[in-house]
Each structure stands twice: as C-alpha cells, then as structure tokens.
Amino acid sequence: TSVGTVTLTNGAVTTNSNILNWAKFLSSNTNARSFTAGSSTITLSGGGAPWSSAVATNFTLDMGTSTLIFTNGIGDLDWNVDNGMVFYNVIVSSANGAIFWWDANETMTTTTLRNLTINGPRTLAFSTADTHIITGNLVCNSGPGAVITINNNRLSSDPAGIVSKGPAGTISCDYLDIKDTTFTGGARWYAGANSVNSGNVTGMI
C-alpha cells in the first residue's frame, strides 16, 4: 500500500504485517493512541522528518519484528523518538546527508532497536548524551567512496552520544569516520583498518 503522510492523532493503527510505502509517519501529541506493526515492512520515502514520534505520552508503540526503511537520498533526515521507544529492524539508505536518530526534547532519552543497517555514504548522528541501544547487530555497508560517518549532532563540546550493545557479541565495520561517540555494553566494537577516529571516541577499537 502506498500513501503520502500518515498522521496518527488518536486511536489505534495496526498494519497487519503488510508491506507499506509511506512518505512519513507522524504522531507527536498527548492523545491516547497506539501503533502496532507486527512483521510489516514500512518504507518511508519522505524528506525532513519521515518518522516523528517525539512525544511518548499516552502512546503505545509496538514495532514487533517489523522493518523500517528510510529511503530518501536528498539532504538530512530526522528520526525523532522519545524515551523508551523500541524498534526492530531499521535500514538507512545511502545519501550525502545525515540521519539524526535523536530525541527532539533533548531529555537524555534511551531508545532501543534490534538491528541497524546503514548504507554508505551516510552520516548517522546521535543525540547528545542519549543512549542508543542495539540488541542485535550493526551492519555497515561501506567502502571506498561510501564512508559512513558516526557522530553526535551537537557541538563538539557537548557530551558524546552513547551507543550500547550487550550483553555480548562483536560488531565489526570498516570505512567509518567516527567522532564524539561512546561505544559501550558487553560487545566488542571494531571500526576496521580503514576507519578514522576524528576525536572523542571511546570503546571502539
């Protein structure tokens, strides 16, 4: 099913595990509302803020085992979330711009997802001092001319964004340019021989 922008103001949306192509999903208010994705594949092609759920008050989000795909390849994208939100598979397409995985309220949010795939070239920018938990795997499809940049989206004097993977396992990438990010949890983080540490990076070898 292909539609434009889906706005959830109140009530319940269940995608019934369908394959969906939307421009954007927006739901940032304090009304009672819920979104249940099951095993759906949801492709968001819009620019700007293709996913905005920056207010979790009275919002029940159940992403199940779904896959959320960001495909817009022009400029920067905002993936706005609020504290405690959990996603499953997320795939980010290549683009000469950033995707900001962040809390628009800047309240030291913790968000979780299972697997994150990034296709380079692309910048992945985290909220300052927020904790971004990956419970499964980080897949970096990068290479010469397709470097993935990882940083926070604030001033370099701000605290680093925090990426956590636990309780164990190994994350291996290459062709990264990393700055202002702390990698933590029980996993081993390997940046690869062709990656660059641009400063204020801890936990990534």
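This is a predicted model: local features need pLDDT of at least 70, side-chain atom pairs count only at pLDDT 80 or more; totals for chains, interfaces and linings use all residues.
Started with Phe 70: leaving out residues up to four places away in sequence, I find it touching Leu 44, Pro 50, Trp 51, Leu 77, Trp 79, Val 90, Ile 91, Val 92, Ser 93 and Ile 99.

Next I looked up the largest nonpolar core, which has 45 residues. Phe 70 is listed among those with the most contacts inside it, along with Phe 35, Trp 51, Trp 79, Phe 87 and Leu 116. Nonpolar side chains tend to be buried together in soluble globular proteins.

Then the rings. I get ten aromatic pairs in the structure. For Trp 22 and Phe 35, the centres are 6.2 Å apart and the planes sit at 75°, over the 60 degrees cut-off, so I log the pair as edge-to-face. This pair links distant parts of the chain, with Trp 22 in strand E3 (residues 19-22) and Phe 35 in strand E5, 13 residues apart. Trp 22 has 7% relative accessibility, so it counts as buried; Phe 35, at 0%, counts as buried too.

Trp 79 and Phe 87 also pair edge-to-face, with 5.2 Å centre to centre and 75° between the planes. I have both Trp 79 and Phe 87 down as buried. One aromatic cluster takes in Trp 22, Phe 25, Phe 35, Trp 51, Phe 70, Trp 79, Phe 87 and Trp 101.

Last, the sheet. Three strands make an open sheet, ordered E2-E5-E8 with parallel pairing. Strands E2 (11-14) and E8 (59-62) are the edges, each pairing on one side only. Ignoring direction, neighbouring strands are turned by 5° against each other on average. I find four bridges joining E5 (residues 33-36) to E8, and Thr 36 has Asp 62 in E8 as its bridge partner.

Notes. Residues are numbered from 1 along each chain as its sequence is written. Side-chain values use heavy atoms; hydrogens and water are left out. A nonpolar core is a set of buried Ala, Val, Leu, Ile, Met, Phe, Trp, Tyr and Cys residues joined through side-chain atoms within 4.5 Å. Buried means under 20% relative accessible area, exposed over 50%, partly exposed in between (1.4 Å probe, protein chains only). Contact means heavy atoms within 4.5 Å. Two strands pair if DSSP finds at least two bridges between them. Helices (H or I, at least four residues) and strands (E, at least two) are DSSP runs, numbered from the N terminus. Axes are lines fitted to C-alpha atoms, for helices over the stretch in contact, and angles run from 0 to 180 degrees between N-to-C directions. Rings of Phe, Tyr and Trp (its six-membered ring) pair if their centres lie within 6.5 Å; planes under 30 degrees apart count as stacked, over 60 as edge-to-face and the rest as tilted.
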